[in-house]
Amino acid sequence: MAVLHAWRVARVTPLGELHTPPRMTAALLRLTVQVVLVASLWRGLYEATGTTAGLDRDQAVTYAVLAVLASRLRELDQYAGRDSVMQHMQYGTIVYWYLRPLSPRRYYALRALGERLYGLIWALTGYAVCLAAGVVEPPRSAAVAGVFALSLLLGQWVLHYVMLLIDQLCFWTLRNGAAMLILIFAQNLLSGVYAPLWFFPHWFVTMSGFLPFQATLSVPLSLYVGRIPLSDAGFQLAVQAGWVVALSLFTRLLWRRAARRVISQGG
């Protein structure tokens, strides 16, 4: 019974997209255009040079395309399904999260897991197509592939808690639209989605090292393309795991404090 409940929760947001074919078509078109444009951009940038910032053209294109595919892991629209925390706070339906047998923390985690698994199907399909077309390079060894997979898992775990922190902000501000836009921009910039971090000034890279964003995407992709050697992988994985533990404890505390702010009115 517990597994059945978990499955029903995990498929909430993916079902909203699967039952709306135009949204899936738009997502496919957007992803295709992004991959083509990003690959063309980085090929053009490296046309007049062989190696820049320690990477050749194929490595840079691989990094950029994988960053686009990885972003698909978190692009499901909770707002369209009326299941975002901000909407529940505005409508007052957030109280039902606290009346169910399933705790809000567990419900949120299961729903996020379903979204990530659905997004993973998109990302893996896109990766297979790009790999077959020669747009991205394969991992240099089985060890690199394994370390990359583990690092990507930890990175998505960190990203889950970062997104959760913004949602929990609604319990104190009611609206988090502006905060979400700022977060998305900061996440994309500091995690290396827009451009690999090694193209930024040293002070910028050092500053980002004290924030969790770099651990979400830059580290896994840098391991994949060889920017971070396998000899340094243990340290990077430990940093990612540290962020997971720290953010997990902090968000657990916020869940408890948020419960004190939920008030049911009118019955």
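How far apart do the end C-alpha atoms of residues 142-166 lie, and how much of the span is helix? The views below give the answer and more. This is a predicted model, in which local features need pLDDT of at least 70, side-chain atom pairs count only at pLDDT 80 or more, and totals for chains, interfaces and linings use all residues. Residues are numbered from 1 along each chain as its sequence is written, and side-chain values use heavy atoms, with hydrogens and water left out.

View 1. The end C-alpha atoms of residues 142-166 lie 36 Å apart, and the span is 100% helix and 0% strand. Residues 117-136 are 85% helix and 0% strand, with end C-alpha atoms 22 Å apart. Helices are DSSP runs (H or I, at least four residues), numbered from the N terminus. An unreviewed UniProt entry lists both spans under "transmembrane region", along with 178-200 and 233-255. Such annotations may be inferred rather than shown by experiment.

**View 2. The largest cavity.** The structure holds 1 cavity of 30 Å³ or more. The volume of the largest cavity is about 60 Å³. Its lining consists of A70, S71, R74, Q156, L159, Q187, V193, T216 and L217. Helix 4 (57-71) and helix 7 (142-168) are the elements that give two or more residues to this lining. By class, the lining has 4 nonpolar, 4 polar and 1 charged residues. A cavity is a set of points on a 1 Å grid over the protein atoms alone where a 1.4 Å probe fits but cannot get out; lining residues have an atom within 4 Å of a point. Volume is the space filled by probe spheres set on the points.

**View 3. The largest nonpolar core.** This core has 38 residues, and V85, W97, F171 and L183 have the most contacts inside it. Helix 7 gives the most, with 9 residues. A nonpolar core joins buried Ala, Val, Leu, Ile, Met, Phe, Trp, Tyr and Cys residues through side-chain atoms within 4.5 Å.

View 4. C170 is buried because its relative accessible area is 0%. C130 also counts as buried, at 8%. Buried means under 20% relative accessible area, exposed over 50%, and partly exposed in between (1.4 Å probe, protein chains only). The disulfide count is 0, a disulfide being a pair of cysteine sulfur atoms within 2.5 Å.

**View 5. R23 in helix 3.** R23 sits in helix 3 (residues 21-45). R23 is partly exposed because its relative accessible area is 26%. R23 and S103 are 80 residues apart in sequence and 31 Å apart in space, C-alpha to C-alpha.

Note on methods. On a 1 Å grid over the protein atoms alone, a cavity is a set of points where a 1.4 Å probe fits but cannot get out, and a pocket is an open set with protein on both sides within 12 Å along at least five of seven lines; lining residues have an atom within 4 Å of a point. Ala, Val, Leu, Ile, Met, Phe, Trp, Tyr, Cys and Pro count as nonpolar, Asp, Glu, Lys and Arg as charged, and the others, Gly among them, as polar.
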